[in-house]
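Hello,

Here is the structure you asked for. My notes follow below it.

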Amino acid sequence: PETILEVQGLKKYFFSRKGLFGGRPSVLKAVDNVSFKIERGKTMGLVGESGCGKTTAGRTIIKLYEPTGGHIIYKGEDITGYDSKKMLPLRRSMQIIFQDPYASLDSRMTVADIIGEPLDIHHLASGKDREDRIKELLRLVGLNDDHASRYPHEFSGGQRQRIGIARSLAVEPEFIVCDEPISALDVSIQAQIVNMLEDLQDRMGLTYLFIAHDLSMVRHISDDVGVMYLGQLVETAPSEELYQHPLHPYTQALLSAIPIPDPQIAKSRQRILLEGDVPSPIDPPPGCRFKGRCPYAMDICSEKDPELVDVGGGHYVACYLIKK
Ligand code: SF4
């Protein structure tokens with residue numbers, strides 16, 4: 001299998017020289033030393049509470065933000081230092097679907113122009129070809145040809161997300177960052193959009209980085225899942241392995257918040273309650289970022305950052321409780 005994306009020690013820091021974060025120079029470590037790989041045609045889920053850096057990570061990977069450190073290898077090319085000109089040919093290949101389909105669609109444009117704009121930017125089709133392509137894209141996401149002349153406000157949230165997806169697909173991408181694409185939708189609509197994304201993946205061979213705040217949202221669509229806490233990846237594993245055998249106390253806490261229908265599994269899983277908010281990622285002290293909320297914290301947890309340990313089968317955990 002081909003590795004389409006490899007992220008090595010990725011960092012995205014936001015610096016403030018004065019004032020912003022309380023009157024002294026500070027650094028917000030939104031993404032701090034994150035590494036993972038995605039194979040072509042697979043989905044990696046990235047989860048964590050809001051403020052954990054998952055969205056910043058997704059945007060940095062496709063260079064909407066300049067990385068502070070680390071490497072982004074896309075299709076064998078190190079694109080970390082690429083400027084916007086060098087990124088241009090790759091822009092078609094790497095797309096993003098946003099959380100809020102309403103905010104991301106221009107309300108003054110018709111659906112045809114919203115979907116047609118990327119075709120124009122990349123000079124992919126004009127005239128009748130452009131029209132046909134727009135209709136084909138609408139059908140691909142389950143909408144009708146006659147939706148083309150309408151405006152975003154005439155559609156429901158789920159339909160608007162379909163329009164956003166059609167726009168991303170217009171340029172025939174290979175890799176898509178799905179940035180919480182279902183979080184703003186009704187529960188009844190979420191499954192429809194996830195099913196559609198899976199179907200499109202099969203038909204078009206797409207690779208996804210699927211970002212969500214809830215582990216239950218990414219379970220079925222993801223081949224692998226990474227859990228982020230305060231800018232760091234604390235655990236990553238094949239999806240079912242992570243759900244059956246979560247090893248990091250934070251992953252266990254996230255999972256124990258999801259009701260488990262199977263009483264056998266429910267009994268074997270210790271319930272950990274997450275108390276308090278996620279601490280600030282500004283000037284974080286050394287050591288495990290989870291120590292303030294972890295029931296098992298030890299002295300060493302405050303001394304240095306735990307590194308991801310390979311426990312076999314593609315399962316990695318960053319916690320001093322876990323030995324190789
Ligand atoms: Fe808890 Fe320490 Fe493990 Fe962090 S490293 S999760 S504080 S036991």
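**Helix 3 and its neighbours**

Helix 3 and helix 4 cross in a right-handed sense, that is, the near helix is turned clockwise from the far one by less than a right angle. This is a predicted model: local features need pLDDT of at least 70, side-chain atom pairs count only at pLDDT 80 or more, and totals for chains, interfaces and linings use all residues. Residues are numbered from 1 along each chain as its sequence is written.

The axes of helix 3 (residues 111-121) and helix 4 (residues 127-140) come within 10 Å and cross at roughly 115°. Axes are lines fitted to C-alpha atoms over the stretch in contact, with angles from 0 to 180 degrees between N-to-C directions. Helices are DSSP runs (H or I, at least four residues), and strands likewise (E, at least two), numbered from the N terminus.

Helix 3 contributes Ala 112, Ile 115, Gly 116 and Leu 119 to the contact; helix 4 contributes Arg 130, Arg 133, Ile 134 and Leu 137. Contact means C-beta atoms, placed from the backbone, within 7 Å.

Val 111, Ile 114, Ile 115 and Gly 116 of helix 3 are buried (20 or more other C-beta atoms within 10 Å of their own). Their cover includes helix 4 and helix 5 (157-169). His 123 follows helix 3, with a positive phi near 50°.

On confidence: mean pLDDT (per-residue confidence, 0 to 100) is 90 for the protein chain, and 92% of its residues reach 70 or more. Helix 10 (residues 263-268) is lowest, at a mean of 56; strand 4 (residues 69-74) is highest, at 98. The complex has an ipTM of 0.99 and a pTM of 0.91.

Best wishes

Note on methods
pLDDT = per-residue confidence, 0-100. Contact = placed C-beta atoms within 7 Å. Buried ≥ 20, exposed ≤ 12 C-beta atoms within 10 Å, placed from the backbone.
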